[in-house]
Amino acid sequence: MNQAPGAAVPAHIVIVGGGGTGAALAHDLVLRGLRVTLVERGEVTSGTTGRHHGLLHSGARYAVSDATAGAECIQENMILRRTAPGTFEENDGLFVALTDEDREYGRRLVAACEESGIPSRELSAEEALRLEPGLNPELLWALQIPDGTFDAMRLPLRWFATAKHNGAVIRPFTEVVDVTSASRCVTGVVVRDHTDGRESRIAADMVVNAAGPWSEAIAAMARVDVPVQPSPGVLLALRGRLCNMVVNRCHPAADGDILVPQRGLTIVGTSSWLVDHPDDLGVPEDHVRAMYDEGAKLVPAVRGAEQRAAWSAARPLIGGRGGSTGRELSRTFECFDHARSDGVEGFVTISGGKATTARAMAEKTADVVCAKLGIDRPCQTRDVVLLPHTAYYLS
Amino acid sequence: MTEHTANDPRPPAPEQLGGDPQDTPAPLHPAPGHTVTFRVSRSSRGERPHFDTFQVPVEPRTTVLDGLISIRRHQDPTLTLRHSCFHASCGTCAMRVNGREGLACVTKLEELGGGTVTVEPIANAGALISDLVVDMVAFFERYAPMGQPLVRESELGPGSRPAEGVERLERFEDCIECGICMSACPISATDSRYLGPAALAAAWRVMSEPRTADPERAMALADVDHGIWRCHAAFECTEACPSSVDPAGAIMRLRRTAARRRLGGLLSGTRSNR
Amino acid sequence: MIEERATSGTPATRRPDQPVRRRGLVSWVDVRGRRLGGWAFALNRATGLGVLLYLYLHLVILSMLAGGPGSWDGFVSIAGSPILLLLDVVLLFGLLAHGLNGIRVSLVGLGIVIDRQRALFVAFFVMGLIVFLIGAVRIFGETGGGR
């Protein structure tokens, strides 16, 4: 069902998945004048989005291996600070070198940040310790970059709140049980509302699959294929705010190499393994021990800190299966137009990515959706300041 | 929850591999180890709550939230509950467990002392949507108008300085908006107009550190009959708060401020600041 | 199966017809998991009602004075009985508990003592207990209809 340009009734988009990507997409599409219904099987952000460590990426973590990803991150970082003011702990972050290898990586990091447009400042060990007295006193060198902290749920709630205010229908506890099609064109979804057990159909001009690591299951209902590899990692929350700045280990991404302060807690993460299904992840004890070991190298107080919680979250990585840990797969995002890849119209999947780039993922997806429907409306999400997260409950 | 090493990443239970979540839930194969009886409040559309009983396989690390998710995944996919962060930051998994308020994600079953685990939704904070889900509207209607910013100055470390380019060290406010304080408060239970501990604690924070908010407006909202003066010092909110907000202390400090202002007004012959 | 075309602005998370789920009066007496402050609150409710009931009874009894020596003497003859002395002891407990906790609530409630409210409860509890025990012993020393 394609929308003719200039038709009176705006096209209706159904978004499957209430994580950060779905939230940002609902916000974007509604601003472009479309009608949006978002369905999520649980509470909003109850999938992967709610569980991440809350890092507002400067992009430095990706800059050395992928300059484009780094550049994209810092742009989104700035856009988020502008459109969602007051939603971040904006204390910047450090990349800390503990060994000569780290120091060598640091030289490459400085050059990579320069190339990606990520502001950075080199610090001697003394200068770093003045900023963060809790750091390992034997550090060699540090690099200051504009990392920050955000509440994994409360930032997306601002997108939800603004989208709702602008007319989007957000339906949590509403699970997609089937995708309806006619002649190789998706026509809508069948959902079960778990608050009362009733099933209903929702007709759509386009269905967007934004279900993160659960995307494959949704895609299967539309009889298309989506190469998403769920890759979980363990995170710890320790009692006590052990640092004010985000503290990263200055080496290629590895287990336990980041500490993110979050109100009165310190989040230590993360690890990486592969699973076939994103539910029932478990929390491997040796991963928990590894978090303590690696975290304590950066801030010794981690060693004795009491554990508030330990949990796992599955990243939705793009790419086929067959890797060993998941770290070799890209952290970029991709939008699949299934008309091109599978010959099925009316169905688009957005997957991959990370929390910091959710808005960019949504912009690209909205561009694809609008192009397919023949709608020419620009994206406004770079500049629209969002409603406060509390508005979600009051509209 | 099953333990497994990094060298053998696959969870051992075969029914968890692949599969469409829309299949009928896999039959429960309890791992060696014991099970716990969960008695969970159920309600369709917020009507006629009743209890359903489930046997849930558990391990030392298992939390109430793990148990409920296990029920949803393997026994009853219609169970509705709120959760998001798994680490006491989002506040959505607030529940009453064995009659006491708490966050399900950090309430370990081994700390509950054995026996049946009774799980009910929190009270007083909103209308019941279904099962354990409350709409939180009553909470936010009182809390949001105070205008408390999400961010406050960080008190960490007398030795810490902000990095160059960073104006002041900051951190998120303690309050995670879970509603546990309102649920534990005996006054919120009986007075539909009482602002409740969370809103009043927010008013105190705005008085202490206004940032972008208006402290006089917050004080005006709080210094009313069904605001700070309704509290009867049960202190249950402070005891139950999972995030060290101390709402009762905030209410009493607001009262002290209000009392001083009135006394000062009396002594200097000016009208009190209402 | 319901055919549904989504309309705008209908948040499915709200049930406007459903009232806020309040726990009601049962939370005044349910002391499961309560700490000292919660016990003090429940005790104050109970003793408040108890002392109120006593006040009513006291007025009823005093009204017997208006009935002349006949009715008043009738009351005095049972005033020293063990049951009434027991009620007197209960009354003493109620007055001490409500009064001392009331002082605590006033001090805390005006912000004069905030962070040591639990210690204050303990201190008053100990004081009250001592006065109560002395009082109870002296009251029961009155058995036999007075001296």
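At what angle do helix α3 and helix α4 of chain A pack, and how far apart are their axes?

1. The structure is a predicted model. In chain A, helix α3 (residues 67-83) packs against helix α4 (residues 100-116) at an angle of about 60°, and their axes are 8 Å apart. The crossing of α3(A) past α4(A) is right-handed.

2. The residues behind this helix contact can be named. Helix α3(A) contributes Ala67(A), Gly70(A), Ala71(A) and Ile74(A), while α4(A) contributes Ala112(A), Glu115(A) and Ser116(A). By class, four residues of the contact of α3(A) with α4(A) are nonpolar, two are polar and one is charged.

3. Chain A as a whole contains eleven helices and 20 strands. Its radius of gyration is 21 Å, close to the 21 Å that the globule rule gives for 395 residues, so chain A is as compact as a globular protein of that length. Taken along the principal axes, the box filled by the C-alpha atoms of chain A is roughly 65 × 40 × 40 Å.

4. Two further values describe the interior of chain A. Of its 395 residues, 63% count as buried. When contacts in chain A between residues at least 6 apart in sequence are considered, 74% of them join residues at least 24 apart.

5. The two chains meet through 57 residues of chain A and 62 residues of chain B. On the side of chain A that touches chain B, the elements giving two or more residues are α5 (125-131), α7 (215-221), β16 (258-262), α8 (285-298), β18 (307-318) and α11 (391-394) of chain A. This side of chain A comprises 21 nonpolar, 17 polar and 19 charged residues.

6. Chain B is assigned two domains, domain 1 (24-135) and domain 2 (136-274). The C-alpha centres of these two domains of chain B are 30 Å apart. Their contact draws 17 residues from domain 1 of chain B and 17 residues from domain 2 of chain B.

7. Which elements give two or more residues to the side of domain 1 of chain B that touches domain 2 of chain B? They are β3 (94-97) and β4 (100-103) of chain B. The largest share of this side, three residues, is from β4(B). The residues on this side of domain 1 of chain B are nine nonpolar, five polar and three charged.

Key: Residues are numbered from 1 along each chain as its sequence is written. Chains are lettered from A and ligands numbered from 1 in the order in which they are written. This is a predicted model: local features need pLDDT of at least 70, side-chain atom pairs count only at pLDDT 80 or more; totals for chains, interfaces and linings use all residues. Domain bounds come from an automatic or database domain assignment. Two residues are in contact if their C-beta atoms, placed from the backbone, lie within 7 Å. Helices (H or I, at least four residues) and strands (E, at least two) are DSSP runs, numbered from the N terminus. Ala, Val, Leu, Ile, Met, Phe, Trp, Tyr, Cys and Pro count as nonpolar, Asp, Glu, Lys and Arg as charged, and the others, Gly among them, as polar. The radius of gyration is taken over C-alpha atoms; the globule rule is 2.2 Å times the number of residues to the power 0.38. A residue is buried if 20 or more other C-beta atoms lie within 10 Å of its own, exposed if 12 or fewer, and partly exposed in between; C-beta atoms are placed from the backbone. Axes are lines fitted to C-alpha atoms, for helices over the stretch in contact, and angles run from 0 to 180 degrees between N-to-C directions. A crossing is left-handed if the near helix is turned anticlockwise from the far one by less than a right angle, and right-handed if clockwise.
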